[in-house]
Amino acid sequence: MVLRARASVPGRQVGCAVHGEYKVPGGKLVVVDVDVVEDRLSRVRLSGDFFLEPDEALEDINRALQGAGVDAGSETLARLIERELSSDVRMVGFGPEAVAIAVRRAVSRATGWRDHQWRLIRDEPQSPLNHMALDEVLGEEVAAGRRSPTLRFWEWSAPSVIIGSFQSVGNEVDAEGAREHGVEVVRRITGGGAMFVEPGNTITYSLYAPSSLVAGMSFADSYAFLDDWVLDMLGELGLNVWYQPLNDITSDGGKIGGAAQKRVASGAVVHHVTMSYDVDVDKLERVLRVGEEKVSDKGVSSSGKRVDPLRRQTGMARQSIIDTLVEGFRRRYGLVDDEVTVAEARRMRELIEAKFATSEWTHRVP
């Protein structure tokens with residue numbers, strides 16, 4: 001998918017032509033070309049590989065958007081389209097919301113996947129603290145323009161419970177069980193629920209991208225958008241998978257994994273996903289406090305039946321699945337092999353000492 005503005009005007013927009021594209025996760029491509037005149041949408045042209053009946057509805061959608069303000073949100077734009085369309089219109093593979101997102105991305109001067117030169121990091125196993133700090137460091141580097149957008153696959157050197165930025169340690173972790181099994185407890189910079197990981201039992205990756213990649217999207221829309229490539233690749237492996245809002249990757253058998261996200265104030269998005277390859281349910285239930293109200297967050301029930309790991313579903317070796325994901329991304333958007341720089345590693349160590357290894361951070365919500 002390519003998305004770019006053909007012209008950009010700083011400040012208020014007087015007159016320019018913009019072009020936007022939005023690939024509906026699991027659906028069709030929506031393309032919008034629009035002229036912007038005095039902060040209003042003018043001469044809107046919708047196209048794409050979607051299905052629409054009757055043919056006349058295409059011009060109805062274009063007309064509905066004519067004159068809308070460039071600051072109008074996606075919900076407002078979608079309502080304008082809905083009001084214009086008669087009850088007999090059929091939109092297949094897209095909807096008013098998708099058209100609205102494409103418009104917002106166009107006027108926001110959003111970028112597409114292929115507008116960037118993506119880097120790939122596949123390091124040796126790292127400690128849980130290293131991974132926590134690297135997420136912050138690489139997000140900051142992309143935001144500052146010192147690093148190209150990057151895809152990083154994580155390898156764990158030790159078992160860990162990773163709690164969300166706003167979770168209570170006491171509510172989520174059984175301290176005695178964690179000590180018994182040598183499980184380190186760390187806190188990440190993103191929200192969401194606690195995860196239990198062991199070396200070789202999960203597939204975890206992070207995307208570090210400029211904010212322009214998700215410009216014009218709500219947080220909810222950006223989750224599915226950033227993981228659509230993974231769902232495509234899992235589908236190629238024969239799995240029936242879909243995105244369960246807000247942030248779960250789910251299959252016929254149950255939850256496979258979950259995503260979390262952090263917007264860096266200086267201009268980047270950190271988006272990471274952990275998928276279960278295998279799971280020791282007994283150990284998981286010993287180190288996490290899994291009550292009835294938390295079943296959906298943890299991906300398990302008391303009998304451990306809700307998790308449906310990729311090992312069972314695919315019969316493939318873990319590294320083979322990762323290789324498949326990497327090559328799928330490379331095919332779609334391009335990838336150049338890379339590594340963490342000396343300066344980034346130094347900054348990682350500084351952040352571990354000053355933040356991630358401190359009790360003030362780990363227990364900031366006791």
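Visitor: Which residue in β7 is the bridge partner of Leu 120?

Guide: Strands are DSSP runs of E with at least two residues, and helices are runs of H or I with at least four, both numbered from the N terminus. Two strands pair if DSSP finds at least two bridges between them. In this predicted model, Leu 120 has Leu 151 as its bridge partner in β7. Strands β6 (residues 119–122) and β7 (residues 150–154) run parallel and are joined by four bridges.

Visitor: What is the order of the strands in the open sheet?

Guide: The eight strands follow the order β12-β13-β14-β15-β11-β7-β6-β16, and their pairing is mixed. Both β12 (241–244) and β16 (336–338) stand at the edges with a single partner strand, so one side of each has no neighbour in the sheet.

Visitor: Which strands does helix α4 touch?

Guide: Contact means heavy atoms within 4.5 Å. Helix α4 (residues 128–144) packs on the sheet and touches β6, β7, β11 (202–210), β14 (254–264) and β15 (268–276).

Visitor: How much of the protein chain is buried?

Guide: Buried means under 20% relative accessible area, exposed over 50%, and partly exposed in between, with a 1.4 Å probe and protein chains only. Buried residues form 54% of the 366 residues in the protein chain. The protein chain contains 13 helices and 16 strands.

Visitor: Which conventions apply here?

Guide: Residues are numbered from 1 along each chain as its sequence is written, and side-chain values use heavy atoms, without hydrogens and water. As the model is predicted, local features need pLDDT of at least 70 and side-chain atom pairs count only at pLDDT 80 or more, whereas totals for chains, interfaces and linings use all residues.

Technical notes:
Axes fitted to C-alpha atoms, helices over the stretch in contact; angles between N-to-C directions.
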